2 protein chains.
Amino acid sequence: MAKTWSTEPAQSLRVREGWSLADVDPASTPGFEGSKKYGQQVLEAGAEQLSDLQEKLFASSRAAGDTRNVLLVLQAMDTAGKGGIVRHVVGAVDPQGVHHHAFKRPTEEELAHDFLWRIRNQLPGVGMIGVFDRSHYEDVLVGKVRELAPLDEIEKRYGDIVEFENELAASGTTIVKVMLHISFEEQKARLAERLDRPDKFWKFNPGDIDERNLWADYQNAYEIALQRTSTDGAPWFVVPADRKWYARVAVQKLVIDALRGLDLAWPPADFDVDLQKTRLAVS
Amino acid sequence: MAKTWSTEPAQSLRVREGWSLADVDPASTPGFEGSKKYGQQVLEAGAEQLSDLQEKLFASSRAAGDTRNVLLVLQAMDTAGKGGIVRHVVGAVDPQGVHHHAFKRPTEEELAHDFLWRIRNQLPGVGMIGVFDRSHYEDVLVGKVRELAPLDEIEKRYGDIVEFENELAASGTTIVKVMLHISFEEQKARLAERLDRPDKFWKFNPGDIDERNLWADYQNAYEIALQRTSTDGAPWFVVPADRKWYARVAVQKLVIDALRGLDLAWPPADFDVDLQKTRLAVS
């Protein structure tokens, strides 16, 4: 096989002017040349690349004053596979270099602040890969569908988000925003599995079906949110997710490319190597 | 081979009445029956067990109101392999279920508080595995060797630590405290490697040799600290660490046993499964 990707995910999955969610087939595998089995091999090989890049990012921050970092934002309907991305893509890198946070229904304290307050509190430190399992986007998704805020407030939030992310990007954060896109039918099958297997009961919540019954509203809210907030500094990527293997390999590639874009290298010694060798020898 | 461990690490490595650090040979492999190669196989098999146990711990907290968690405390002289434990032992479990924190030299803000303040801020949530890379023990180790606090304050801290950890244990945290124990000679070899390899420069700091030159003082401070704070609720384990493979497999076993001690099971459904199947079917 000449190459793994005929078109890079960073190109084919990006939300641009004129994009619409209905045009994305959740069962498709855009740009990937090969079978599921090959996909799994690519994922395995990619794990090493990712781990190596992450270590360089971390090293640069510790020894060379590099203040950059990476933030992966994961959004999706229930069962779309956010957890699998965390385990199988992010799980390949050193836990020391990962800051993972799952955003739940906001607490009283969080609600007493601006919606970005709790997000700012969880931003990754320098040299880290941050992973948001849900994010500030909940405030324009469930917030809109469930009418948790007036429409003009939702409108205002799109702008606040763009401004916030521009700030982040300007201060050295490479933001990779991913929506895992599954079909209505595939969600049904995955929820059915959770109801069939006692080792999966804990992942099921009756509220998941309430949300499912608002499917069209959510798709609409996603489409608008992504159109309004996909910028050059923080683009959205919509990853077809009916095939778990494809979603994993595509997200892995997006993160690898984000890290490659940083031109990372092992930081040079900021001490006199020969002098330290001598000191060590006589120690 | 009949069994992997002739004596469990939880037995053979535990700091008890009458224990002394000089009795632990850093190059030994207590209780392990087999070669390095076999050790690596055991580590690989253990990764799956650990991952399964962690998922049950997490699931129990999310769906069954289980408020327990686990805290792994790692202490060691430089180069002893804390990072390798995090990568190769902790790295096997879902990042979602891990709260890792590396404690550095205290900040101004941290110094303005009691020494346990910053520790309390990093305790793992329910259902999580917390990992401390260094910890409150720095305040009776470097604190003592570098005379950062008066001796009577150091004395008081041993008692404060025991009380603090008893509280934690009583509130449902299983604490596993590990000192990775390397020899003076092995540290020299590992520091030399960091000075030889440009991809390792970032891990080296000239201050590491200053600390090395206080080796005997540190060994003494460790011995006293471990003797004073190894309790039934939060015992210390001293893991010979000149052989990285042994240290990893031993710490993995300690964590697996800690999790097994919790008698974890998949939480039962807290909803009517048949009713939800019907709701899903018509959704």
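Predicted model: local features only at pLDDT ≥ 70, side-chain atom pairs only at ≥ 80, totals over all residues.

Reader: Great. How many aromatic pairs does the structure hold over all chains?

Author: There are 22 of them, counted over all chains. Take Phe103(A) and Phe132(A): their ring centres are 5.0 Å apart and their planes meet at 85°, so this pair is edge-to-face.

Reader: Where do Phe103(A) and Phe132(A) lie in the chain?

Author: Phe103(A) is in the loop between strand E2 (98–102) and helix H4 (108–111) of chain A, while Phe132(A) belongs to strand E3 (residues 129–133), so the pair ties together parts that are 29 residues apart in sequence.

Reader: And are those two buried or exposed?

Author: Both Phe103(A) and Phe132(A) are buried.

Reader: Nice. What about Tyr137(A) and Trp236(A), what kind of aromatic pair do they form?

Author: An edge-to-face one, at 4.7 Å centre to centre with 75° between the planes. Tyr137(A) sits in the loop between E3 and helix H6 (142–145) of chain A, and Trp236(A) in strand E5 (residues 236–240), so here the parts tied together are 99 residues apart in sequence.

Reader: What is the relative accessible area of Tyr137(A)?

Author: It is 0%, so Tyr137(A) counts as buried, given that the cut-off is under 20%. Trp236(A) is also buried, with a value of 0%.

Reader: Which residues form one aromatic cluster?

Author: Trp5(A), Phe32(A), Tyr38(A), Trp245(A) and Tyr246(A) do.

Reader: Changing topic: how many residues of chain B are in contact with chain A?

Author: 45 residues of chain B, and they touch 45 residues of chain A. Between them the two chains bury about 4100 Å², with 64% of that on carbon and sulfur atoms. Arg87(B), Trp202(B) and Leu280(B) supply 18% of the area that chain B buries against chain A, more than any other three residues.

Reader: And how many salt bridges are found across that interface?

Author: There are 8 between chain B and chain A. One links Asp210(A) with Arg279(B), whose closest N and O atoms are 2.4 Å apart.

Reader: Last one: which element gives the most to the side of chain B that touches chain A?

Author: H2(B), with 7 residues.

Definitions and conventions. Residues numbered from 1 in each chain as written. Chains lettered and ligands numbered in written order. Heavy atoms only, no water. Phe/Tyr/Trp six-rings, centres within 6.5 Å; stacked < 30°, edge-to-face > 60°. Helix = DSSP H or I, 4+ residues; strand = E, 2+ residues; numbered from the N terminus. Buried < 20%, exposed > 50% of the residue type's maximum accessible area, 1.4 Å probe, protein only. Contact = heavy atoms within 4.5 Å. Buried area = accessible area lost by both parts, 1.4 Å probe. Salt bridge = Lys/Arg side-chain N within 4 Å of Asp/Glu carboxyl O.
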